[in-house]
Amino acid sequence: MSDPTRPPGPRIIAIANQKGGVGKTTTTINLAAALVEQGKRVLIVDLDPQGNASTGLGIGIEARKFSAYDLILEEAPLTTVIQQSGIRNLWICPATSDLSSADMDLVSNEKRSFLLHDALRQIDIDAYSLDYVLIDCPPSLSQLTINAMVAAHSVLVPLQAEFFALEGLSQLMLTVREVRQAANADLRIEGVVLTMYDVRNNLSQQVEADARGNLGDLVFRTMIPRNVRVSEAPSYAMPVLHYDSSSRGAEAYRALARELVARHQSSRKGSGL
Ligand code: ADP
Ligand code: MG
C-alpha cells in the first residue's frame, strides 16, 4: 500500500539504549520477524561487536565473511555484506568482533559519523525493496551508535522494567539532540518499549507508571512480558515467533509491530521530543 507521507526507501530505525541487557537485540530480532510476518521486507544491521543478533538468527561466526565492519570501515558495498537469513524477506548484515575497534579506527576519519548513513544510502538498497532497516546498537553511546543515529529516521528505545530503568534515558536523549544538531535534524524518537515486564511485580508497574508519566505517548501501549520462551529462542537460532509461535512473547512482538506500522500510517510520525 502506498503511503504518500512516507519518504521513498525503507524506514531506518536505530534500536538503542546504552545499558546492556535491556532487550535491544531481542527486540531487533523479534520485531523484524513480526514485521516480516506482516508482509514487510526487513534488513537487520548488527552493529554490536558481540554479534548476538547474528548468532540469534543462525549466522555462525564462520559464515560472517563480511560484516558491518566492512560496510562502515572498508566501504564494502551493501550487496556484498548482506546475507539472507533463514527467514524469507529478512536479511542481515552481520557483526564481527573487529567492530570493537571501530571507535579507535574512526578517530582520524573526517566522515566518521556518516559512514553508515552513506553505506545505507547506496543505490544498492533499492534492489531489496526494503520496508524497514533495524539497527541493533551496542550497549554504549559510542561512535557506532552515533553512526546508527545519523543513518536512522528514528530511535526505538527498549526500556527494561527494572529499578533504575529511567536512569540513563536523559543521557540517551541528550545524544539524540546532539545528533540532531550536528548531523540529522529530522531524527525522531520512534518510541520507548517496556521489556521484560512482569505484571505480578509492583516494580514493573511502577516503572511503567513513571515512564508513561514522564514520556507520555512516546511509550508504546504494547509491553513485552518477561517470558522464558523469548530467552530460549536464540539458542535455537530463531526468533520467538518461530520457536514458539503462540507464546506470550511472540504475541507481544506481533502487537508491537502492528502498533509501529499503525503509527507510521497515522499522521503522527514519531515525536520530535
Ligand atoms: P541487549 O541487546 O540490550 O543487551 P538482550 O536482548 O540481549 O539485551 O537481552 C538480555 C537478556 O535478556 C538475554 O538473555 C535475553 O534472552 C533476555 N530477554 C530479553 N527479553 C526478554 C523477555 N521478554 N523475557 C525473557 N527474557 C528476555
Ligand atoms: Mg544486544
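**Overall fold, ligand shell and core of the predicted model**

Of the 273 residues of the protein, 47% count as buried, a residue being buried if 20 or more other C-beta atoms lie within 10 Å of its own, exposed if 12 or fewer, and partly exposed in between, with C-beta atoms placed from the backbone. The structure is a predicted model, in which local features need pLDDT of at least 70 and side-chain atom pairs count only at pLDDT 80 or more, while totals for chains, interfaces and linings use all residues. Residues are numbered from 1 along each chain as its sequence is written, and chains are lettered from A and ligands numbered from 1 in the order in which they are written.

Along its principal axes, the C-alpha trace spans about 50 × 40 × 40 Å. A compact globule with 273 residues would have a radius of gyration near 19 Å, and the 17 Å of the protein agrees with this; the radius is taken over C-alpha atoms, and the globule rule is 2.2 Å times the number of residues to the power 0.38. The secondary structure comes to 12 helices and 7 strands, which are DSSP runs numbered from the N terminus (helices: H or I, at least four residues; strands: E, at least two). Of the contacts with a separation of 6 or more, 79% join residues 24 or more positions apart, a contact meaning that two C-beta atoms, placed from the backbone, lie within 7 Å.

Ligand 1 has 17 residues around it, of which Lys-24, Thr-25, Thr-26, Val-230 and Ser-231 come nearest; a residue is near if its C-beta atom, placed from the backbone, lies within 6 Å of the molecule. Helix H1 (24-37) and helix H10 (228-232) each supply at least two residues of this shell, and H1 gives the most, with 3 residues. The shell divides into 5 nonpolar, 10 polar and 2 charged residues. Here Ala, Val, Leu, Ile, Met, Phe, Trp, Tyr, Cys and Pro count as nonpolar, Asp, Glu, Lys and Arg as charged, and the others, Gly among them, as polar.

The largest nonpolar core has 87 residues, of which Ile-135 and Ala-148 touch the most other members; such a core is a set of buried Ala, Val, Leu, Ile, Met, Phe, Trp, Tyr and Cys residues joined through C-beta atoms within 7 Å. The largest share of this core, 7 residues, comes from H1. Leaving out residues up to four places away in sequence, Ala-148 touches Ala-14, Ala-16, Leu-47, Leu-116, Ile-135 and Cys-137.

Leu-241 lies in H11 and counts as buried because it has 25 C-beta neighbours inside 10 Å. Beyond its neighbours within four places in sequence, Leu-241 is in contact with Asn-30, Ala-33, Ala-34, Glu-37, Ala-250 and Tyr-253.

Most residues other than glycine have a negative phi. Asn-89, in the loop between strand E3 (83-84) and strand E4 (90-93), has a positive phi near 70 degrees. Met-196, in the loop between E7 and helix H9 (202-215), has a positive phi near 55 degrees. Asn-89 counts as partly exposed, with 19 C-beta neighbours inside 10 Å, whereas Met-196 is buried, with 23 other C-beta atoms within 10 Å.
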